[in-house]
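Trainee: I'm new to this one, and I'd like to learn how to read it. Could you walk me through it, feature by feature?

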Amino acid sequence: MELRQLRSLDALNESGFSVTLAAERLHLVQSAVSQHLSRLERELGAELFIRQGKRLVGLTESGERVLQYARRIL
């Protein structure tokens, strides 16, 4: 788990689950934010996001816990 992954998670939540807006907020490209989030899920071995097709629409219970942890760290 890296700080940049946690920053991406927090920015995604603050951006209403828009990866594009999260990337703009972090001054990154969209693919970098997507990669951070994918790696975070893979490393934790848990789904963090509620998905509708390819769209992220919310956080799972695990995602909420990781976000709380991330905010304390950041």
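**A first walk through the model**

Mentor: Let's start with one spot: F17 sits in the loop between α1 and α2 (19-26). Helices here are DSSP runs of H or I with at least four residues, strands are runs of E with at least two, and both are numbered from the N terminus. Before we go on, keep in mind that this is a predicted model, where local features need pLDDT of at least 70, side-chain atom pairs count only at pLDDT 80 or more, and totals for chains, interfaces and linings use all residues. Residues are numbered from 1 along each chain as its sequence is written, and side-chain values use heavy atoms, with hydrogens and water left out.

Trainee: What is the phi of F17 like?

Mentor: F17 has a positive phi of about 70°, although it is not a glycine. H27 is another non-glycine with a positive phi, about 60°, and you'll find H27 in the loop between α2 and α3.

Trainee: Is F17 buried or exposed?

Mentor: The words have cut-offs: buried means under 20% relative accessible area, exposed means over 50%, and partly exposed is in between (1.4 Å probe, protein chains only). F17 counts as buried, at 17% relative accessibility. H27 is exposed, with a relative accessible area of 73%.

Trainee: Which pattern does the protein follow along the sequence?

Mentor: Reading along, you get α-α-α-β-β-α. That comes to four helices and two strands.

Trainee: How do the two strands go together?

Mentor: Two strands pair if DSSP finds at least two bridges between them. Here four bridges join β1 to strand β2 (residues 55-59), and the two run antiparallel. For a landmark, I50 stands opposite G58 in β2. The hairpin of β1 and β2 has two residues between the strands, and G53 takes a positive phi near 70° there.

Trainee: How many salt bridges does the structure hold?

Mentor: The general idea is that side chains of opposite charge can pair when their charged atoms come close. The cut-off is a side-chain nitrogen of Lys or Arg within 4 Å of a carboxyl oxygen of Asp or Glu. This structure holds four salt bridges. In one of them, the side chains of R4 and E2 meet at 2.5 Å, N to O. R4 is partly exposed, with a relative accessible area of 42%, and E2 is partly exposed too, at 35%.

Trainee: Which parts does the salt bridge of R71 and D10 tie together?

Mentor: In that salt bridge, the closest N and O atoms of R71 and D10 are 2.9 Å apart. R71 lies in helix α4 and D10 in helix α1 (residues 3-14), so the pair ties together parts that are 61 residues apart in sequence. There's a network of salt bridges here as well, linking D10, E14 and R71.

Trainee: What about E41 and R51?

Mentor: Their side chains meet in a salt bridge, 2.7 Å from N to O. E41 lies in helix α3 (residues 30-44) and R51 in strand β1 (residues 49-52), so this pair ties together parts ten residues apart in sequence. E41 counts as buried, at 12% relative accessibility, while R51 is partly exposed at 37%.

Trainee: Which residues is H36 in contact with?

Mentor: Contact means heavy atoms within 4.5 Å. Leaving aside neighbours within four places in sequence, H36 is in contact with R4, Q5, S8 and L28. H36 is found in helix α3 and is buried, with a relative accessible area of 7%.

Trainee: And where does Q35 lie?

Mentor: Q35 lies in helix α3 and is partly exposed, with a relative accessible area of 40%. The C-alpha atoms of Q35 and Q5 are separated by 8.7 Å, although the two residues are 30 apart along the chain.

Trainee: Last one: how does the radius of gyration compare with that of a compact globule?

Mentor: The radius of gyration is taken over C-alpha atoms, and the globule rule is 2.2 Å times the number of residues to the power 0.38. With 74 residues, a compact globule would have a radius near 11 Å, and the protein's 11 Å agrees. The C-alpha atoms fill a box of roughly 30 × 25 × 20 Å, taken along the principal axes. Buried residues make up 35% of the 74.
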